[in-house]
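This briefing concerns a single protein chain and its ligand. Please read the points below alongside the sequence and coordinates.

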Amino acid sequence: MLETSDLPPELRLVANEHGRQFIHVDHPAVQARIALQGAHIIQCRPAGQRPLLWMSPTDPCKPDTALRGGVPLCWPWFADEREGPAHGIARTSNWDLVDARVESETVHLMLELAPETITRQLPDEAWVVWVEFRLAHELEVGLTTTNTGTRPQRLSQALHSYLPVTDIADVEITGLLGCAYIDKLQGATLVQEAPLRFAQEVDRIYLDHHGDIDIHTGDDHLRVSRAGSESVVLWNPWQAKAARLSQFPPDGYRTMVCVEAANAGPDGRVLAPGESHTLVTRIGRSA
Ligand SMILES: O=P(O)(O)OC[C@H]1O[C@@H](O)[C@H](O)[C@@H](O)[C@@H]1O
């Protein structure tokens, strides 16, 4: 684990009034903030750009509450694919900063979830998991999991990225055409037949999907690229669900959309003993 005294001057460890700790990055190329709980990036603003991530203005008072916005890590299960807390144990566990490197255009950070923290919550499982952030003119998040046990273990996961939009009613998402998806609200598998627009709650897992996804919002164009992922989750809670969500303002659904690099549903993996898998998302602006 890195000590505060080992940190380069561009990085600082800060705490909010509730004692929640963050790594604050202040570099000429990028400003960012990552909560140690959940290894959760909540802010990323490359120089000269608008923010790449949406973050709820509602700050939870209990330090162990999940934060709403940024890129929560859903691990080692997505949503309710297993019994236990929704989206797994990673987002409410404390991670350790184990590496930090600063270059002229890029900041690299690596955090690990201590194996004993995992075993305490999942006594029958043995995993090593770390996340790498590459902060530059775009944001890259890579989550690497190794099965350190003696039997195959099942993994499903998502990099639950909340992206900022000017007005959800004007958003168009391209790159999904012809792709089959599980509509979690209808309980049906359907096919995307036109660019995706939003006029109600959307909660879908797109399957066998490769390639980039573009989010067109006003004069802004975000692009999400993935690796190690053949499923992608699209989510907007819309008005009624927004009112029930924790840490979410009633009109928050208007300014965000989640595009999540995933291994979800049938894209969940079974890792053999000693096997590793890396899930990557890259969030940037397209021309
Ligand atoms: O409220 P949570 O646990 O952060 O989950 C938010 C949403 O996350 C999405 O990834 C799921 O597809 C939704 O079903 C879920 O509602």
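The structure is a predicted model. Its chain contains 2 helices and 22 strands. With a radius of gyration of 18 Å, close to the 19 Å that the globule rule gives for 287 residues, the chain is as compact as a globular protein of that length.

**Overall dimensions and packing**

- Taken along the principal axes, the box filled by the C-alpha atoms of the chain is roughly 50 × 50 × 35 Å.
- Buried residues make up 37% of the 287 residues in the chain.
- Of the contacts between residues at least 6 apart in sequence, 64% link residues that are at least 24 apart.

**The sheet of 4 strands**

- Strands β1, β2, β3 and β4 form an open sheet in the order β1-β2-β3-β4, and their pairing is antiparallel.
- At the edges of this sheet stand β1 (11-15) and β4 (40-46), each of which pairs on one side only.
- From one strand to the next, the twist averages 15°.
- Strand β1 is joined to β2 (residues 21-27) by 5 bridges, and the two strands run antiparallel.
- Within this pairing, Leu13 has Ile23 of β2 as its bridge partner.

**The sheet of 8 strands**

- A further open sheet comprises 8 strands in the order β6-β7-β8-β9-β22-β18-β17-β13, again with antiparallel pairing.
- Its edge strands are β6 (96-102) and β13 (172-174); each has a single partner strand, so one side of each is left without a neighbour in the sheet.
- Neighbouring strands in this sheet are turned against each other by 15° on average, direction ignored.
- The edge strand β13 is connected to β17 (residues 213-217) by 3 bridges, in an antiparallel arrangement.
- Opposite Thr174 stands Asp214, which belongs to β17.

**Surroundings of the ligand**

- Which residues surround the ligand? They are Ala79, Ala86, His87, His160, Lys184, Asp203, Val233, Trp235, Leu245 and Glu260.
- By residue class, the shell around the ligand divides into 5 nonpolar, 2 polar and 3 charged residues.
- Lys184, Asp203 and Glu260 belong to this shell and count as charged.
- The shell also includes His87 and His160, which count as polar in this classification.

Definitions and conventions:
Residues numbered from 1 in each chain as written. Predicted model: local features only at pLDDT ≥ 70, side-chain atom pairs only at ≥ 80, totals over all residues. Pairing = 2+ DSSP bridges. Axes fitted to C-alpha atoms, helices over the stretch in contact; angles between N-to-C directions. Near = placed C-beta within 6 Å. Rg over C-alpha atoms; globule rule 2.2 N^0.38 Å. Buried ≥ 20, exposed ≤ 12 C-beta atoms within 10 Å, placed from the backbone. Contact = placed C-beta atoms within 7 Å.
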